[in-house]
Amino acid sequence: MGKSLSNLLHENRRFEPPADLAANANATAETYAVASEDRLAFWADAARRLDWDKPFTEVLDWSTPPFAKWFADGTLNASYNCVDRHVEAGRGDKVAFHWVGEPADDTRTLTYAELQDEVSKAANAIEELGVEAGDRVAIYMPMIPEAVVSMLACARIGAVHTVVFGGFSADALASRIVDCGAKLVITADGGYRRGAPSALKPAVDEAVAKVEAEQSGLVENVLVVRRTGQDVAWNTDVDVWWHEVVDESSTDHKPKAFPAEHPLYVMYTSGTTGKPKGILHTTGGYLTQAAWTHSAVFDLKPETDVYWCTADIGWVTGHSYIVYGPLANGATQVLYEGTPDSPHKGRWWEIIQNYGVTIFYTAPTAIRTFMKWGAEIPAEYDLSTLRVLGSVGEPINPEAYVWYRETIGGGRTPVVDTWWQTETGAIMISPLPGVTAAKPGSAMTPIPGISADVVNDEAEPVPNGSGGYLVLTEPWPSMLRTLWGDDQRFIDTYWSRFEGIYFAGDGAKKDEDGDIWLLGRVDDVMNVSGHRLSTTEIESALVSHPKVAEAAVVGAADDTTGQAVVAFVILRESAGDGGEEIVADLRAHVAKEIGAIAKPKSIMVVAELPKTRSGKIMRRLLRDVAENRQVGDVTTLADSGVMDQIKTGMDSSS
Ligand code: 6R9
């Protein structure tokens, strides 16, 4: 971190907003002034962009912190706001999604009117399956329109969805189903991945069997979309085909209004201890901030823009910036099923060219991969329609930022580096494309209506030019309301480090101008390709392998993925020296326990792990080894010789 900090200190490039964008921008310098004048009135105005069945009279109830209520006496329906109201306003023929499947030529266009029909049918079908307001529904799907339709159908009937990333394992799916008590699972036979069908249903079958053993009768049905046509095992007591129940249902479905604080979804994310945290988002405040930020930060002009966010709907970015924000704003979007390199490495640029994408939102890890592949690939395509580029998921290094702006944005487009979290629900710190003279690598300042700061260990704001912890000092509309079923962990995790303010878990620095630079996590959470992974979770997975006695996992800086998972393991005596296959074995084991994204990039078999006298593993030292650095202070180690042994082992293995 020390090294990157000094690099950042020397970054003094600035990119002014393009004059034409600034002249017509949705958010202006005036917006900041209005919001700082009266923060709550500002958010109340933003909330009035939505259609309320019963208008709210109270904006924020912060009488029992950290449990916030926003717009609590108002009622609304999220699905109505994302779909029906656009149709009722005469925009039914407007395209909601240009869906692009992975097999080239497999495309589908959905207008808002068609989306309304699909969502209504799905809502009728899942009600028919016995799902009621407040019930939980797990969604485990590829990037197909039915995934979005399923989420909106749940919202429409007041059911709480929990989308589990399709790359997660059966075990991960099972633990999430149990934790939130989902009675319905919506999935597909499979999806396409790099040109071949990739099965999903077997993982669901395995997960449901596991759940059944733990809590019999919890999962009542599995609703299955036929996407690839591959063979699936079928349990007639539980499994139902989407095309048999949804396609047969009526397109009439009246959305019911729910209180603003009605739960909308639970999204699981890695925490510092093994068990994932179920982040709870509710309806009115969440939708308000998702919609407002999508309009302001991307300068969305719904009539003319074509917006594309490359996230998977299994992550919060897909929730807020594919489903809820853009649809509430009536945007026209691209939705893509596949990977950037299939069938060729220019696929994304080809899609931008074909659909005339104007606003593009992706992650630094993707940008760094494209840099590696070379500028000649995007150069083959016409990207001149692009006018705003966004980045999210991890710090974007200045080189990647400038490459993105120049090579993809033709040097014309502002790049908005948007900092936020699953917990914050929506963008919190970001430049505004029509206002900010952005610095490459900095998320700049809190957006209007948001209060953030960087503080030291005593919770005192640090002066400009210094670093510390990023905190949020006032409640915000899309904040998490609690952790599903665990109020105490909610308080402990976010509100206990500093009295009365939200601790984000990120290190940050204020530069001489007071602009904010994010420096990565300060806890034991890694960020691999923009995905949050917990060291503890991967360590638990490794230790669950019969040959492993102990494991320590660290995130090591990686040029492409931001951080890479590096594991150090001690084998059980009975495993002997483990042999050649052990590393492959363990990687496969982690993939099975958690998912392929958690697979360690490298695994070192060691005799000892560095520990303090109280038995705490000193991951800091292992990180030094993994990043090929001089090993830091070892004086608190119980056995100071351990690091020499590990380093010797590392040198002889590389
Ligand atoms: C939206 C999302 C949240 C963590 C967050 C931080 C990192 C996200 C960032 C960024 C620097 C940015 N992060 N955006 N770091 N600059 N623009 O990614 O949510 O998966 O919960 O991750 O990601 O460390 O705390 P989530």
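**Surroundings of the ligand and a strand pair**

By class, the shell around the ligand consists of six nonpolar, six polar and five charged residues, where Ala, Val, Leu, Ile, Met, Phe, Trp, Tyr, Cys and Pro count as nonpolar, Asp, Glu, Lys and Arg as charged, and the others, Gly among them, as polar. The model is predicted, with local features requiring pLDDT of at least 70 and side-chain atom pairs counting only at pLDDT 80 or more, while totals for chains, interfaces and linings use all residues. Residues are numbered from 1 along each chain as its sequence is written, and side-chain values use heavy atoms, with hydrogens and water left out.

The ligand is surrounded by 17 residues, of which D417, T418, T422, R521 and R532 are the closest (a residue is near a molecule if one of its heavy atoms lies within 4 Å of it). An N or O atom in the side chain of R532 is 2.8 Å from an oxygen atom of the ligand, and a polar backbone atom of G393 lies 3.1 Å from a nitrogen atom of the ligand. Of the 530 Å² that the ligand exposes when taken alone, the protein buries 96% (Shrake-Rupley method, 1.4 Å probe).

In strand β21 (residues 452-455), A452 and V454 point one way and D453 and V455 the other, and all are buried, that is, under 20% relative accessible area with a 1.4 Å probe and protein chains only. In a regular strand the side chains alternate between the two faces of the sheet. Strand β21 pairs with β22 (residues 467-472) in the antiparallel sense over four bridges (pairing requires at least two DSSP bridges), and the bridge partner of V455 in β22 is Y469.

Technical notes: A polar contact is a pair of N or O atoms within 3.5 Å; within protein, one must be able to donate a hydrogen and the other to accept it, and residues adjacent in sequence count only if both atoms are side-chain atoms. Buried means under 20% relative accessible area, exposed over 50%, partly exposed in between (1.4 Å probe, protein chains only). Helices (H or I, at least four residues) and strands (E, at least two) are DSSP runs, numbered from the N terminus.
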